Amino acid sequence: MRRGFLLNRDGLYAPYPTRNKKPTRDNRWLPVLDDARNLSPQPGCTTRELRMWARCPELSYEQKQKIRALGRSQNLVFHNIKVGSVEVSTLLDSTVVKLLRLHFAAPPTALSDAIEFRHARDKGVGVFARQNISTGAILHVEVPAVVTQTTFALNSGMTASEIYRELFQRVPEKTLPALLLLNDAHPGRYDVEEAILRSNALAVKMPTICLPSSAAMGHLGLFVKASRFNHSCSPNVIHRFDPESFALTIHSIRPINEGEELLRSYIDLNSLPTREQRRLMLRSLCNFDCACERCTLPSAAAIRESDLRRQKICQTKIETIEAPLIAWYLNNGRYDIQKVIDFHLAAVEDMRVEGLHPETYFQHLRMLAICFAAIEDTRRFRVWMGKARDVASANSDLDAAREMWEYIVEPDKYPEWGLAQRIRNRACSSCFITATTVQTSAVILKDLSQPVGS
Ligand SMILES: C[S@@+](CC[C@H](N)C(=O)[O-])C[C@H]1O[C@@H](n2cnc3c(N)ncnc32)[C@H](O)[C@@H]1O
């Protein structure tokens with residue numbers, strides 16, 4: 001092996017090892033040696049954290065079993081995959097390789113000319129909208145350059161660094177320079193390949209079966225362009241990886257104005273409601289201090305308010321979202337439906353201010369659509385059903401989105417249309433249900449979609 005030179009991100013030539021002859025891209029199994037106790041440092045998790053995780057005395061019996069099984073059952077192979085005209089360098093368990101399709105499905109098409117890559121102030125490169133974008137649009141589609149199992153036992157005689165280097169060396173020459181120019185969030189701490197993986201990889205979903213094997217350890221993908229999306233604690237895009245097409249898609253989750261930066265979240269925002277928690281996680285995982293709009297609010301009071309709002313959003317359970325409407329129904333509509341509407345409007349407003357779209361967001365939209373259908377308010381029914389439909393299409397639930405569109409066109413076909421009047425008629429004819437006949441919310445909601453009296 002000799003050392004070659006590549007132009008780095010500062011425009012300087014940096015040494016990078018290249019081979020005299022073309023590197024092989026044939027399958028190569030990692031040998032399994034006896035000592036299977038060490039796990040690889042996990043990209044996206046510091047080595048220290050991982051060591052603590054493996055040694056942690058409080059680790060449950062199942063977790064310890066999983067780590068041991070990982071070491072024993074691991075059967076990793078370097079395997080280059082052809083996805084259309086793109087070649088992907090992977091390190092996968094052989095069970096996963098067997099589950100991959102021979103011919104991948106065609107990925108969806110991205111909105112044309114919707115994004116551009118340019119300087120994003122002190123965050124380096126970022127991605128920006130070139131036009132006004134509506135919710136649910138597909139903004140970017142990309143096949144990964146590298147895919148690796150997230151965590152693996154170091155029982156092959158190779159160090160983690162050597163494994164990552166081999167993965168990079170199997171990347172086609174035309175792609176490699178762009179990969180090597182990706183951001184290094186841990187300068188000087190790791191070898192270049194490991195640093196780039198740790199700083200830029202995104203979680204991807206491989207086809208897996210439920211085995212207590214290394215195949216169940218999760219996977220990471222490295223993308224030349226998708227890695228350039230910066231983080232925000234109030235993101236406007238999400239990413240999804242479809243193993244059928246082996247492609248990642250980036251979707252808008254709210255309307256975006258021309259010139260706005262497109263931002264995804266690097267962390268699970270639903271489990272980290274406070275600014276302090278989010279910043280700690282981003283510092284330990286990604287080694288930067290978040291400069292997003294929610295983390296740089298101008299005063300301590302504004303930050304406290306934002307934390308409280310987020311805690312409320314994160315603590316709301318799907319079941320409690322349905323409760324006010326159920327109470328209204330069980331009380332034969334005597335209770336003012338405006339209170340139900342106000343409850344949902346306040347929750348949706350909190351989510352708008354915080355730029356969060358948890359699972360409960362869709363439920364609030366649905367409840368608002370039901371309320372406005374119940375009082376036959378066509379305009380507002382269309383608004384909220386339209387928003388719920390946007391969420392369904394952003395989640396690729398096309399059947400639900402189509403059905404919602406039909407109700408937007410013909411609101412009176414919606415099962416709850418005129419429900420308030422029907423309940424009043426029912427109450428007058430003394431056939432009323434009282435709160436003492438409390439059923440489970442599932443049954444009541446099913447009942448809500450039946451015409452009253454049927
Ligand atoms: C995956 S890269 C994103 C693309 C990167 N800006 C580039 O130039 O390639 C992650 C890095 O971007 C920067 N970054 C992303 N989001 C940020 C944020 N909210 N606040 C501060 N820096 C951020 C940090 O330097 C971080 O290490």
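This briefing describes the domains, the ligand surroundings and the helix packing of one protein. The model is a predicted one. Its domain assignment gives domain 1 (27-266), domain 2 (277-314) and domain 3 (316-448). The ligand lies between domain 1 and domain 2, because both of these domains give residues to the shell around it.

**Ligand surroundings**

- The ligand is surrounded by 19 residues, and the closest of them are Gly124, Val125, Asn183, Ala185 and Asn230.
- Two or more residues of this shell come from each of strand 7 (125-129), helix 6 (192-200) and strand 12 (230-231).
- By class, the shell around the ligand holds eight nonpolar, nine polar and two charged residues.

**Contact between domain 2 and domain 3**

- Six residues of domain 2 are in contact with eight residues of domain 3.
- On the side of domain 2 that touches domain 3, the residues divide into four charged, one polar and one nonpolar.

**Helix 9 with helix 10**

- The axes of helix 9 (residues 318-330) and helix 10 (residues 337-354) come within 9 Å and cross at roughly 175°, and an angle over 145 degrees counts as roughly antiparallel, so helix 9 and helix 10 are described as roughly antiparallel to each other.
- Helix 9 contributes Pro324, Leu325 and Trp328 to this contact, where they meet Ile337, Lys339, Val340 and Phe343 of helix 10.
- The contact of helix 9 with helix 10 comprises six nonpolar residues and one charged residue, with no polar residues.

**Helix 11 with helix 12**

- Helix 11 (residues 359-374) packs with helix 12 at an angle of about 155°, and their axes are 8 Å apart; helix 11 and helix 12 are therefore roughly antiparallel to each other.
- The crossing in which helix 11 passes helix 12 is left-handed.
- From helix 11, the residues Tyr361, Phe362, Leu365, Arg366, Leu368, Ala369, Phe372 and Ala373 meet Arg380, Phe381, Trp384, Met385, Lys387, Ala388 and Val391 from helix 12.
- Twelve nonpolar and three charged residues make up the contact of helix 11 with helix 12, and no polar residues take part.

**Helix 12 with helix 13**

- The axes of helix 12 (residues 378-394) and helix 13 (residues 398-409) come within 8 Å and cross at roughly 165°, and helix 12 and helix 13 are therefore roughly antiparallel to each other.
- Helix 12 passes helix 13 in a crossing that is left-handed.
- On the helix 12 side, the contact is made by Arg382, Met385, Gly386, Ala388, Arg389, Ala392 and Ser393, while helix 13 supplies Leu398, Ala400, Ala401, Met404, Trp405, Tyr407 and Ile408.
- The contact of helix 12 with helix 13 divides by class into ten nonpolar, two polar and two charged residues.
- Met385 and Ala388 of helix 12 are among the residues that meet helix 11, and Met385 and Ala388 are also among those in the contact with helix 13.

Conventions: Residues numbered from 1 in each chain as written. Predicted model: local features only at pLDDT ≥ 70, side-chain atom pairs only at ≥ 80, totals over all residues. Near = placed C-beta within 6 Å. Helix = DSSP H or I, 4+ residues; strand = E, 2+ residues; numbered from the N terminus. Nonpolar A, V, L, I, M, F, W, Y, C, P; charged D, E, K, R; others polar. Domains from an automatic or database assignment. Contact = placed C-beta atoms within 7 Å. Axes fitted to C-alpha atoms, helices over the stretch in contact; angles between N-to-C directions. Parallel < 35°, antiparallel > 145°, perpendicular 65-115°, else oblique. Left-handed = near helix turned anticlockwise from the far one by under 90°.
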